[in-house]
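Here is a short tour of one model, written for someone who likes to know the cut-offs. Take a look at the structure first, and then we can go through its packing and its charged pairs.

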Amino acid sequence: RAAQLSEQYGVDIRIAEQCGFDYADFTADMLTEEGQINLALDNLETALSAYPEGFFEQLKCGSITSIRIEIVHNLKDKRTQEGDAFDSFNGFVRELYDHRLMVLDAETMYVDTIYHEFSHMIDARLAFDANLRSDALYSELTWMEMQPGDYEFPYSYAEIPEYVYEASRNGYFVSVYGGTYPTEDRATVMESAMSGYYGIFTAQPVLMEKLYYYSECIRDCFDTTGWPEG
């Protein structure tokens, strides 16, 4: 089934002994229970089917020739310490040699988790495009202009300053997690929108502004032939 989905969507889905398990900053165990694997593949298929045809091919750029997704168990970040604000992770994305790698923990591999991780791949594609095109819409400076005042992302999952919590309470972020990095800000916005949590955006104009800008950046960067309008 993993091979069939790989063929259908143009990605490389790996399960059980096909996975890597030691990913520099992360470790994971092999998932062998058939029921759990099938449930994870159910969620993955739901997520993959939400993107326009040919979308995943466009995530490849530069030296990247494939998109690899590995489904594992008991994913751990080696860098976390007791007392860290965030000490567990549902997945991660890395650029590795000639492929973009997404590793997902089957126990927390919900559809919105997959949307979140694909946003990190989208970010990489937008950044690559912006480095090539002087007229690219995507810009980190523009994203920073949508943050409160002189806000500075802490670039840490371990120690979260109080001002991050305050900005989140004031509607600048979907969650405190979104206030840690600009990439997490965009990923939490995107997962919420694709999961249909529209009330978040109607209630918070700044989040609607972020969603609109990010969506327009994607349409500016990608070939949208055959995509739905809006």
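Which residues does Ile71 touch, not counting residues up to four places away in sequence? With contact meaning heavy atoms within 4.5 Å, they are Ile13, Arg14, Ile15, Ala16, Cys19, Leu31, Ala40, Leu41, Leu44, Leu104, Ala106 and Met109.

## About the model

This is a predicted model, in which local features need pLDDT of at least 70 and side-chain atom pairs count only at pLDDT 80 or more, while totals for chains, interfaces and linings use all residues. Residues are numbered from 1 along each chain as its sequence is written, and side-chain values use heavy atoms, with hydrogens and water left out.

## The nonpolar cores

A nonpolar core here is a set of buried Ala, Val, Leu, Ile, Met, Phe, Trp, Tyr and Cys residues joined through side-chain atoms within 4.5 Å. Buried means under 20% relative accessible area, exposed over 50%, and partly exposed in between (1.4 Å probe, protein chains only).

The largest such core has 42 residues, and Ile13, Leu44, Phe56, Leu59, Ile71 and Phe118 have the most contacts inside it. Among the elements that each supply at least two of its residues are α2 (34–48), β4 (66–77) and α4 (111–132); helices (H or I, at least four residues) and strands (E, at least two) are DSSP runs, numbered from the N terminus. Helix α4 gives the largest share, seven residues. Apart from this core lies another, of 12 residues, including Phe26, Val72, Phe89 and Val103.

## Helix α2

In α2, the buried residues are Ile37, Ala40, Leu41, Leu44, Ala47 and Leu48. Seen down the helix axis, they fall within an arc of 120°, so they line one face of α2; the arc is that of the directions from the axis to the C-beta atoms. Their packing partners are α1, β1 (12–14), α3, β4 and α4.

## Salt bridges

Counting a side-chain nitrogen of Lys or Arg within 4 Å of a carboxyl oxygen of Asp or Glu as a salt bridge, the model has 14. Glu140 and Arg186 form one of them (2.6 Å, N to O), linking helix α5 (residues 140–144) with helix α7 (residues 182–194) across 46 residues. Glu140 is partly exposed at 31% relative accessibility, whereas Arg186 is buried at 1%.

Lys210 and Asp185 also meet in a salt bridge (2.8 Å, N to O). Lys210 lies in α9 and Asp185 in α7, so this pair ties together parts 25 residues apart in sequence. Both Lys210 and Asp185 are buried. Elsewhere, salt bridges with shared partners join Asp12, Arg14, Arg68 and Glu70 into one network.
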